[in-house]
Amino acid sequence: MIVFRWWFVGIGIFVLSVNVFLLLDEHIKQNIADGLRMEANALINELLTEPDSFLLSGFNSINGFKEPIPLSFEHVSVDEKIEKWIVESDTKALLIYKEGRILYETYSPESDRGRSINGMSMVKNIIAILIGIAIDEGRILSKHDDVRLYLPEVTLEDGETLSIRDLLNHKSGIKENPFSIYSTLKGQTLEEGITAFIFASDREFSYKNTNYHILSLVLTRIYQKPLSKIIEEKLWQPLQLSEGRIIDSAGYCCLFATARSWLALGQLYLDEGRYKATQIVSNEWIDNMLTDKEYPDRFFVQATGRTVGNSYGYHIYHGLHGHPGYFWIEGMGLQVLLINPEAKIIIVRLGGIPAWYRSTSNRSDQHLLADLLKVVAEG
């Protein structure tokens, strides 16, 4: 009887909570919802961040070059505010580059200079760069090509088309199966089941990992090589980056690379890096990646901590409140590559998202990067 009463009280509290939530101001409800989304991202990141996660398997090496040992703190500026921010933000690797030199670089002992931290969705930006390289080489004719030119197994309704751009900007209308997409983290591609993909006629923006998985299948089909080898030949070797590893079968996730490797990729978007970039991918494609954007009404982004006011294109984000000069590349857990071309700043941040209830947490800040960007601007 006592157990029954407590069960009844629990149901009553739940119903009351739902009713109170419904009566709240829309802005307050949105803030609560965004906070819960951030917490969910933090928890998922905890499960996937390390290479020995039970959810991940099937890694392949990206061969690279010996990377110089990071400078000691005696040779780079140290700011107490940055160190405080690192603790509060659960950061494991931080690199700040400005006007041609590294201002600050620090790593947790277990981070292996960033290589032991999953870059999560940041790999989507690499896929987008590789699509541009394939266009430059004439292997893909245009971003407007129907994907069936390269994957004829894709089935669409009569009269429907599906372009490479639709996939890059998450406007494919694909119905994602979370169980199938999970299998790609365990070494299995969805190539054999591609005929079963369902694409709705509604092509509104909807962020789905499967879009970039399909793009990775396009790349492996046209190059006839696994994704790790394509990345190695088209990016890692030309840029002389340090060895990394990736799950070949995903295409939307799971590249483990050093912070300096992410820095080198960020330099492709700076004017000073454009000459080097032209040896890899055309300036036209880089410009296209920066300008061909979508403006979803509702799209939660970790860096801003908000669902509204964000834009997205080719896995480049815009809309950081108070910092219009920045765009960034983002992965689950706030793995982030921040770029400000005008100020010639690149910031690589890898780690986790602190729990909201932790006493030393920056979750109450305007956004998780606010204090860091303020210090960098003042420095």
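The following dialogue works through several features of a predicted model.

User: What is the mean pLDDT of the protein, and how many of its residues reach 70 or more?

Analyst: The mean pLDDT is 88, and 89% of the residues reach 70 or more. Over residues 1-5, however, the pLDDT is below 50, and this stretch has zero contacts in the model beyond near neighbours in sequence.

User: How is the packing of two helices described?

Analyst: Two packed helices are described by the angle between their axes and the distance between those axes. Here, helix α4 (residues 123-136) packs with helix α8 (residues 227-239) at an angle of about 70°, and the axes are 11 Å apart. Angles of 65 to 115 degrees count as roughly perpendicular, and α4 and α8 are therefore roughly perpendicular to each other.

User: Which residues of α4 and α8 meet?

Analyst: From α4, the residues are Ile126, Ile127, Ile129, Leu130 and Ile133; from α8, they are Leu227, Ile230, Ile231, Lys234, Leu235 and Trp236. By class, this contact has ten nonpolar residues, one charged residue and no polar residues.

User: What is the order of the strands in the open sheet, and which strands stand at the edges?

Analyst: The open sheet has three strands in the order β1-β4-β5, with antiparallel pairing. The edges are β1 (59-62) and β5 (255-256); each has a single partner strand, so one side of each is left without a neighbour in the sheet. Strand β4 (residues 244-247) is joined to β5 by two bridges, and Ile246 has Leu255 in β5 as its bridge partner. Helix α8 lies across β1, β4 and β5, and runs at about 20° to β1.

User: Is Ser216 buried or exposed, and which residues does Ser216 touch?

Analyst: Buried means under 20% relative accessible area; at 2% relative accessibility, Ser216 counts as buried. Ser216 is found in helix α7 (residues 209-223). Leaving aside residues up to four places away in sequence, Ser216 touches Ile127, Leu227, Ala250 and Gly251.

User: Where do His170 and His315 lie?

Analyst: His170 lies in the loop between α5 (164-168) and α6 (178-183), and counts as buried at 1% relative accessibility. His315 is in the loop between β6 (311-313) and β7 (316-318); His315 is buried, with a relative accessible area of 0%.

Technical notes: Residues numbered from 1 in each chain as written. Predicted model: local features only at pLDDT ≥ 70, side-chain atom pairs only at ≥ 80, totals over all residues. Heavy atoms only, no water. pLDDT = per-residue confidence, 0-100. Contact = heavy atoms within 4.5 Å. Axes fitted to C-alpha atoms, helices over the stretch in contact; angles between N-to-C directions. Helix = DSSP H or I, 4+ residues; strand = E, 2+ residues; numbered from the N terminus. Parallel < 35°, antiparallel > 145°, perpendicular 65-115°, else oblique. Nonpolar A, V, L, I, M, F, W, Y, C, P; charged D, E, K, R; others polar. Pairing = 2+ DSSP bridges. Buried < 20%, exposed > 50% of the residue type's maximum accessible area, 1.4 Å probe, protein only.
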